[in-house]
Amino acid sequence: MALKRQVKNFVKNYSEAEIKVREATSNDPWGPSSSLMLEISDLTFSGGSLSEIMNMLWQRLNDHGRNWRHVYKSLTLMDYLIKNGSKKVIQHCRECFFNIQTLKDFQHVDEAGKDQGNGYGSWKRSCQWK
């Protein structure tokens with residue numbers, strides 16, 4: 001998977017910030033590392049990088065189906081950025097809150113019959129920055 005992601009990053013000419021967000025929100029079966037989230041949060045203090053980060057996050061939040069981990073990890077990263085990144089992250093989230101709100105109805109039942117979207121509604125309700 002990592003090789004496929006690297007090729008896509010190259011072909012699509014993604015920036016350093018976009019690549020980091022894609023790595024943090026990948027379909028790999030583990031969460032984003034705290035060191036990677038810290039790197040991304042540091043990049044939010046740069047105007048150009050902030051825009052790239054938030055655009056990629058909104059794109060990943062719109063995924064569905066077998067890419068449910070993109071959504072889950074995007075919420076994890078967004079939570080981290082709200083708490084540790086630039087104050088402008090909060091502004092972006094407030095402006096696009098509707099995109100997050102739509103996730104309260106997110107569902108994805110995997111091959112084992114488990115609803116992987118079950119916890120997203122509680123994440124939205126727990127946000128302190130609404």
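The largest pocket comes out at a volume of about 410 Å³, counted as the space filled by probe spheres set on grid points joined across faces, edges and corners. A pocket here is an open set of points on a 1 Å grid over the protein atoms alone, where a 1.4 Å probe fits, with protein on both sides within 12 Å along at least five of seven lines; lining residues have an atom within 4 Å of a point. There are 15 lining residues, and Lys-8, Asn-27, Arg-60, Asn-67 and His-70 sit closest to the pocket's centre. Helix 1 (2–11) and helix 4 (47–61) are the elements giving two or more residues to the lining; helices are DSSP runs (H or I, at least four residues), numbered from the N terminus.

This is a predicted model, with local features needing pLDDT of at least 70 and side-chain atom pairs pLDDT 80 or more, while totals for chains, interfaces and linings use all residues. Residues are numbered from 1 along each chain, and side-chain values use heavy atoms, leaving out hydrogens and water.

Now for Ser-26, found in the loop between helix 2 (16–24) and helix 3 (34–43). Ser-26 counts as buried because its relative accessibility is 2%, the cut-off being under 20% relative accessible area with a 1.4 Å probe, protein chains only. Beyond neighbours within four places in sequence, Ser-26 is in contact (heavy atoms within 4.5 Å) with Arg-5, Arg-60, Arg-69, His-70 and Lys-73.

Key. Buried < 20%, exposed > 50% of the residue type's maximum accessible area, 1.4 Å probe, protein only.
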